[in-house]
Amino acid sequence: MLKPWTVPYQRFSNHIMTTLSQTKEIFRRADAVCFDVDSTVIREEGIDELAKFCGVGDAVTEMTRKAMGGSVTFKTALTERLSIIRCSREQVNKLITDHPPQLTAGIKELVDTLHQRSVKVFLVSGGFRCIVEHVATQLNIPLHHVYANRLKFYFNGEFAGFDETQPTSESNGKGKVISMLKEKHGFKNVVMIGDGATDLEACPPANAFIGFGGNVVRQQVKERSLWYITSFRELLKELEKI
């Protein structure tokens with residue numbers, strides 16, 4: 001759950017107030033950029049698409065809206081949604097084959113540009129690794145740069161739950177991943193980009209957060225983001241200033 005803030009702000013690690021211009025500067029100087037996946041890198045919410053595919057779309061979509069808005073904890077929402085979906089391994093594979101994730105306009109160019117500038121790009125998602133890996137491959141992002149939840153299946157392919165030890169299964173999980181990345185790689189400027197409450201709360205430890213509303217606008221996130229964009233072209237333009 002997000003703590004109520006009186007004004008939108010972000011903090012450097014030394015706890016000074018961050019302005020919009022400083023946020024843009026951090027992005028231009030970033031040595032690592034972490035993207036949320038569902039409704040950010042791709043146009044849809046993977047878990048909602050899986051629910052529709054399994055015939056329980058309406059019930060799960062409402063839970064997703066609550067989870068992304070921050071009104072329930074992420075792990076609670078994830079557990080409840082999966083208990084309704086109960087997808088088999090075969091259903092997941094068929095979803096990816098028949099309805100592959102659709103990339104958001106501009107994301108391929110943005111990731112390519114970041115790579116050309118030697119910026120490390122990570123996908124940090126509360127979605128499912130089997131789907132996120134497919135997205136990573138499309139964007140030429142190494143699979144060891146993917147942090148997402150793992151579905152579990154019995155030997156016969158039936159649903160067996162999800163791996164609750166993954167940090168991304170919890171509300172503060174994305175922040176934990178970013179802290180780990182900074183410690184492991186020595187990153188000085190890490191930017192988190194996403195549409196949801198779990199993305200916003202990852203800053204800090206991220207040095208800056210950029211809210212994305214190109215696919216869906218979460219009002220709470222929009223109000224609390226110093227820099228809120230609706231197109232990845234805005235970030236490409238910012239990189240052109242370097």
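Modeller: Start with arginine 86, which sits in the loop between α4 (74-85) and α5. Keep in mind that this is a predicted model.

Biologist: What makes the phi of arginine 86 worth a remark?

Modeller: Most residues other than glycine have a negative phi. Arginine 86 is not a glycine, and its phi is near 45 degrees, a positive value. Serine 39 has a positive phi as well, about 65 degrees, although it is not a glycine either. Serine 39 belongs to the loop between β1 and α2.

Biologist: Why is α2 called roughly perpendicular to α5?

Modeller: Two packed helices are described by the angle between their axes and the distance between the axes. For helix α2 (residues 46-53) and helix α5 (residues 89-98) the angle is about 105 degrees, and the axes are 10 Å apart. Angles from 65 to 115 degrees count as roughly perpendicular, so α2 is roughly perpendicular to α5. Glu49, Leu50 and Phe53 of α2 meet Gln91, Val92, Lys94, Leu95 and Asp98 of α5. By kind, these contact residues are four nonpolar, one polar and three charged.

Biologist: What makes the sheet an open one, and in which order do its strands lie?

Modeller: Six strands form the open sheet, in the order β3-β2-β1-β6-β7-β8, with parallel pairing. Its edge strands, β3 (146-149) and β8 (227-229), each pair on one side only. On average, neighbouring strands are turned by 20 degrees against each other, direction ignored.

Biologist: How do you know that β1 pairs with β2?

Modeller: Pairing takes at least two bridges. Strand β1 (residues 32-35) and strand β2 (residues 120-128) have four bridges and run in the parallel sense, so the pair qualifies. Valine 33 has valine 121 as its bridge partner in β2, and it stands opposite valine 191 in β6. β1 and β6 are also paired in the parallel sense, over four bridges.

Biologist: What holds for β2 with β3, and for β6 with β7?

Modeller: Three bridges join β2 to β3, which run parallel, and valine 124 has tyrosine 147 of β3 as its partner. β6 and strand β7 (residues 208-212) are parallel too, with four bridges; there, methionine 192 stands opposite phenylalanine 209.

Biologist: Which way do the side chains of β6 point?

Modeller: In a regular strand the side chains alternate between the two faces of the sheet. In β6, Val190, Met192 and Gly194 point one way, Val191 and Ile193 the other way, and all are buried. In β3, Val146 and Ala148 point one way and Tyr147 and Asn149 the other, again all buried.

Biologist: Which helix packs on the sheet, and what does it touch?

Modeller: Helix α8 (residues 173-185) packs there, touching β1, β2, β3 and β6 (190-194), and its direction makes about 150 degrees with that of β2. Angles over 145 degrees count as roughly antiparallel, so α8 falls under that term relative to β2. The buried residues of α8 are Gly173, Lys174, Gly175, Val177, Ile178, Leu181 and Lys182. Their cover includes β1, β2, β3, β6 and α9 (197-200).

Biologist: Where are the cis peptide bonds?

Modeller: Most peptide bonds are trans. A cis bond joins cysteine 203 and proline 204, with omega about -10 degrees, and another joins proline 204 and proline 205, with omega about 20 degrees. Proline 204 is in the loop between α9 and β7, and proline 205 is in the loop between α9 and β7 too.

Definitions and conventions: Residues numbered from 1 in each chain as written. Predicted model: local features only at pLDDT ≥ 70, side-chain atom pairs only at ≥ 80, totals over all residues. Heavy atoms only, no water. Helix = DSSP H or I, 4+ residues; strand = E, 2+ residues; numbered from the N terminus. Axes fitted to C-alpha atoms, helices over the stretch in contact; angles between N-to-C directions. Contact = heavy atoms within 4.5 Å. Buried < 20%, exposed > 50% of the residue type's maximum accessible area, 1.4 Å probe, protein only. Parallel < 35°, antiparallel > 145°, perpendicular 65-115°, else oblique. Nonpolar A, V, L, I, M, F, W, Y, C, P; charged D, E, K, R; others polar.
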